[in-house]
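Have the structure open while you read.

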Amino acid sequence: MSLTVRELLRNQFFSANPQVLAGKSQLGRTVRWVHSSEIYEISPLLSGDELLLTTGLGLSGVDPGTRRHYLREVRERNVAAVAIELGRTFDAVPGDMIEEAAALDLPLIALRTVVPFIELCQNANTEIISREVSALRTQNELSRVLEAELMAGNGVARLLERISQASGCPLIVTSGSGALVAAHGVDDDRAAWAAADAGTVTATIHSRDGAWGTLTAGPGSTMDSPVLRALLERSTASLGLALTYSGSLAGRPQRAAAALVSDLLDRNDVRQIDLTVRSAAAGFHPAPGNRVVAVAIDSPGSRIATRLLDSAAKLLGQPCLRAEVHASTFGLIAVPAPVVDPVGTAVDCFQESLASNITDGVTVVVGDPCDFAPGDVGTALHTARSGLRLAMSARRSWLSGRVVTTTRELAPELALDRLPPDVRERMVATTIAPLVEWDRTHSSDLVRTLEVHLRHGCSATSSASALHLGRQSLYQRLERIRALLGYDPGSPSMYGSLLLALCANRLAA
């Protein structure tokens, strides 16, 4: 932040007891340097934005017209202010100078206590240099950060986020034709246009083909306009490179999707307009009113997961966003608003697409439907990711042979996953501990048998088929389970407790 006349008088010039005689409306002017001189013809040596210190020695004995001419000349050189020390040449600043300064709207200050000019200059100029160095460090650090983002393959959306963090204000990107292209720090298009209209600092974005568009800083930054402008101009080079080498706002659609899903999974701050713009950069445009279903897939290769997502979305006739993050594939599928059960509909589409795709080693978890809003989508993706991890464990038990499941089926596992280990241990100890011990000492499979049986509604036919057992063998296992537990596990009143305990035991394993 640059030093202003007002700040300088309040801080660095405080000991000189300053009094503002004219030009009070211009006290917010930036002071680029503090200079002292007694030369009457000083104006040709000034370059603008200086605060000029003088004892008035060069004005001694001259007529009022000459003093007025002196002020007009320094005003023409865009001097920020003139400060006159009283007591050496003038006991009081002449009225004609006050009148002329007021007419020129030039800050004219009387220094009523004698303080060596070298002390005033040293204090003020040290502060000015310190602030300039700080601004340069901010610019250099931002350039380094933007370069790292470019090297990581991130595009304009991520760069805007970084620039906004440094500038402390919303940012809006418009094309050469005036179209709204991207924004950060605003909630929707209307807010983006309002911020653009209220912005006073802009910088031109250049790409390989010349001027591409404009970067506008909205209101809210604590930086002075020149400092903010320098920061934006330093940033536009990186924005131009992102546009030149990616050909799109956020790079290739796959990279844009991966960056967006990663931010949503990590619960990073993603605004509604950022979600809309970044999704569009990834080729995902859900129609207004449509809900979104999150999907998480584990597969031997990302191409298998991609084909499944594309096929399911095609059956729905809706757009799909897909991204590979941390070796898992995530997707967002739009579902038309009239669909009563978006999850069931998505599951049906995946089941149909499985007929024409490889399914060995594939696990698909269809998450909860949600509105197309950052918080809702982020939560749905996070739940689907947790569900995928739990489904991998469940595949060895009740999900054996099934490729597609849902987070609503995995609700017990998801709930237990958030409980402390000691709580889960008590569930196991009070319900199925005899079975766990028997399996441990006899290398049997009674715990899994009971879970599969309960998951299949205690149907002997379905349970035996899922366990690849004959019905007689199943009956023998169930009898052993009853004997060990001391009660009938097929009682409907025990379903809930047993399923939770069985899930808790599996999670512990």
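## A buried pair

Which residue forms a salt bridge with Asp263? That's Arg278, with the closest N and O atoms 2.8 Å apart. (A salt bridge here is a side-chain nitrogen of Lys or Arg within 4 Å of a carboxyl oxygen of Asp or Glu.) Asp263 sits in helix α8 (residues 253–265) and Arg278 in helix α9 (residues 272–281), so the pair ties together parts 15 residues apart in sequence. Both Asp263 and Arg278 are buried; buried means under 20% relative accessible area, exposed over 50%, and partly exposed in between (1.4 Å probe, protein chains only).

Keep in mind that this is a predicted model, where local features need pLDDT of at least 70, side-chain atom pairs count only at pLDDT 80 or more, and totals for chains, interfaces and linings use all residues. Residues are numbered from 1 along each chain as its sequence is written, and side-chain values use heavy atoms, leaving out hydrogens and water.

## Other salt bridges

The whole structure has 21 salt bridges. One of them joins Arg389 and Asp417, at 2.5 Å from N to O. Arg389 is partly exposed at 46% relative accessible area, and Asp417 is partly exposed too, at 27%.

Arg482 also forms a salt bridge with Asp488, with 3.3 Å between the closest N and O atoms. Arg482 counts as partly exposed at 33% relative accessibility, as does Asp488 at 41%.

Technical notes
Helices (H or I, at least four residues) and strands (E, at least two) are DSSP runs, numbered from the N terminus.
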